[in-house]
Structure formats: C-alpha cells, structure tokens
Amino acid sequence: LRFVPMTARRMTGIVSRGGSIMAKWCLSHHKESFLYEHWDDICEIMAAYDVSFSIGDGLRPGSIADANDEAQFAELKVQGELTTRAWAHGVQVMNEGPGHVPMHLIKENMEKQIEWCHEAPFYTLGPLTTDIAPGYDHITSGIGAAMIGWYGCAMLCYVTPKEHLGLPNKSDVKTGVITYKLAAHAADLAKGHPGAQYRDNAVSKARFEFRWEDQFNLSLDPETAREFHDETLPQEGAKTAHFCSMCGPHFCSMKITEDVRKYAAEQELSEEQALHAGMEQKSQEFAESGAEVYAKA
C-alpha cells in the first residue's frame with residue numbers, strides 16, 4: 001500500500017495486471033495487501049506441498065522513463081524481505097524483475113537484486129531497452145536479456161514480436177523463443193561459461209569449409225537458415241558450392257583465403273609469403289599487358 005503513491009507521477013503508472021488489481025484493492029479498503037499480511041501463513045501452505053514461490057514485481061517499470069525509480073526499487077527490497085521469510089519456512093524462491101530498462105541502467109538492477117534478495121534466482125522479461133519499436137520488441141528486449149544474463153540473471157522470460165500489440169501466434173512464439181535462446185547463449189559466452197563456445201566454433205568451421213548442411217543443422221533455427229540460403233541458390237548443387245549468393249564464386253573471402261592457403265602449401269611458403277608472391281605475379285602481368293588502368297573490351 002505505501003508504495004502505490006510512488007507511482008502517481010510515472011509515465012505509465014502500474015503496468016502489471018496483478019499489481020494494478022492489488023493496488024486498487026489496497027486503496028479501496030485502505031489496507032495493506034492481504035498477501036503481504038498473511039505471507040507466513042502462505043509460506044506454511046507452500047512448504048506443506050513443496051511448492052516454490054515466484055515473487056512478482058507488480059510495480060515494475062512499464063516504460064524507459066520509469067526505469068529504476070523509487071517504486072520499483074522499494075518493491076525489490078520487499079522482495080528480499082519476503083525471500084528470507086520464505087527461506088525460513090524451507091520454501092524455495094525466485095524473484096521476478098523488469099520490465100523496461102535502458103542499457104546503462106541494467107547492471108544496477110542486477111546488482112541490487114543480488115544484494116537485497118541475497119542471490120536468490122532472478123528472472124526478467126527482457127528488459128526492453130527502448131520503447132520505440134512495437135512489432136520488434138523481441139529484439140529490443142533480447143538486447144536487454146543478453147546484458148542482464150551476462151550480469152547474472154538466472155532465467156530469461158521470452159518476448160514475442162506481438163508484445164504490447166496482441167496475442168502471439170505460433171510463428172510469433174517461435175521467433176520469441178529463438179531470440180531468447182540467442183540472448184541466453186550470448187550471455188553464456190560473455191560469462192565464459194564452460195563449453196559455451198563449442199557450438200560457435202563448430203558453426204564457424206562448417207561455414208569456412210562450405211559445409212552448408214552442417215551450418216544449417218548446427219544453427220538455432222535450421223529451417224530458416226536453409227530457407228534463406230535457398231531463396232537465391234535453390235539448386236541442390238549449391239549445398240556443396242564454395243560460395244554463397246552474397247559474394248558469388250569469384251569474390252568469396254573465405255574461398256580466396258582457402259586458395260591462398262592451398263597455394264602457400266603447394267609452394268612451401270607461409271601465407272604472408274604466398275600473398276607477396278601472388279602480388280608480384282599480378283604486378284608483372286599488369287606491366288606486360290601495357291600497364292593500362294582501363295583495358296579495351
């Protein structure tokens with residue numbers, strides 16, 4: 001109840017459905033939340049049935065303008081209090097987090113949660129790092145999810161492209177889940193998680209060796225990767241070709257690198273020596289052909 005007035009000057013007020021209902025109940029009865037007042041009773045029930053808490057954040061910020069405000073952090077401190085009280089009853093807890101938070105304020109959220117909630121698992125909806133992209137909030141939130149995952153968040157709640165606009169369909173759910181698997185993996189890489197880079201290395205090696213099917217199958221979304229490749233090179237032979245449609249057969253950087261390495265090996269030269277020898281050869285060919293910048297057709 002005492003935190004509700006803190007939301008009065010917010011850009012977007014209370015955006016949590018449960019939070020707004022509870023706030024209205026508190027104001028209507030001018031009483032503290034019955035969930036807060038009976039927390040220990042609820043903990044006893046949870047302990048009896050071995051059920052864990054997910055402590056919600058009914059005052060989470062619903063816009064960048066409201067990020068890290070007094071209402072959000074006052075509630076986070078109470079989450080910490082409720083966490084220790086639940087633990088005293090032998091009940092496991094995870095804490096819910098924001099929300100809408102710009103990139104430069106994300107780290108503070110994680111640091112305060114670790115301190116105030118005593119390192120209980122934290123999970124977040126994103127957070128969304130900007131409010132300007134309805135239809136693309138799986139991306140705006142995926143950026144924040146990767147960052148807060150890097151800083152120590154335990155679980156990421158995925159967001160679909162329909163966020164703020166409507167109910168998601170099957171395709172939206174797939175897009176949201178893939179985006180968040182990507183964000184979680186990026187966070188694991190940043191944290192130096194053991195084994196996290198194995199898959200990246202496998203994809204990179206397959207890409208360099210033009211093993212297209214392996215590149216597709218090792219990706220997070222093989223169907224989409226294969227579909228994008230086949231839009232421009234649908235022939236089955238293109239699956240073994242040493243180029244793609246971006247650079248074509250004559251300007252593929254990886255194919256050129258491969259050729260340089262092959263030439264160096266045949267000539268028993270280092271790659272640097274091979275490049276120098278190749279440049280000398282082309283220079284000689286240019287001089288012998290008349291040293292004209294523009295050749296006649």
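**Cavity, pockets and sheet**

Colleague: Which element supplies the largest share of the lining of the largest cavity?

Modeller: The model is predicted, with local features needing pLDDT of at least 70 and side-chain atom pairs pLDDT 80 or more, while totals for chains, interfaces and linings use all residues. Numbering starts from 1 along each chain as written, and side-chain values use heavy atoms, without hydrogens or water. H4 and S2 each give at least two residues to the cavity lining. The largest share, four residues, comes from H4.

Colleague: What is the volume of the largest cavity?

Modeller: A cavity is a set of points on a 1 Å grid over the protein atoms alone where a 1.4 Å probe fits but cannot get out. Points join across faces, edges and corners, and volume is the space filled by probe spheres set on them. The whole structure holds one cavity of 30 Å³ or more. The volume of the largest cavity is about 80 Å³.

Colleague: Which residues are closest to the centre of the largest cavity?

Modeller: A lining residue has an atom within 4 Å of a point. The largest cavity has 13 of them. Closest to its centre are Gln72, Leu76, Glu96, Gly97 and Pro98.

Colleague: Which helix gives the most to the lining of the largest pocket?

Modeller: Helices (H or I, at least four residues) and strands (E, at least two) are DSSP runs, numbered from the N terminus. Those giving two or more residues here are helices H7 (170-190), H8 (198-208), H9 (212-218), H10 (222-232) and H11 (253-267). With seven residues, the top contributor is H7.

Colleague: And for the second largest pocket, which element has the largest share of the lining?

Modeller: That pocket has a volume of about 740 Å³. Of its 29 lining residues, Met22, Ser33, Gly56, Gly58 and Glu75 lie closest to the centre. Two or more residues each come from helices H1 (17-29), H2 (34-37), H3 (39-48) and H4 (70-88) and from strand S1 (53-55). The largest share, five residues, comes from H1.

Colleague: Which residue in S2 is the bridge partner of Ser54?

Modeller: S1 and S2 (residues 93-97) run parallel. Three bridges join them. The partner of Ser54 is Met94.

Colleague: Which element has the lowest mean pLDDT?

Modeller: pLDDT is the predictor's confidence in each residue, from 0 to 100. The protein averages 92, and 99% of its residues reach 70 or more. Where pLDDT is low, predicted coordinates should not be read in detail. H3 has the highest element mean, 98, while the lowest, 77, belongs to H11.

Key. On a 1 Å grid over the protein atoms alone, a cavity is a set of points where a 1.4 Å probe fits but cannot get out, and a pocket is an open set with protein on both sides within 12 Å along at least five of seven lines; lining residues have an atom within 4 Å of a point. Two strands pair if DSSP finds at least two bridges between them.
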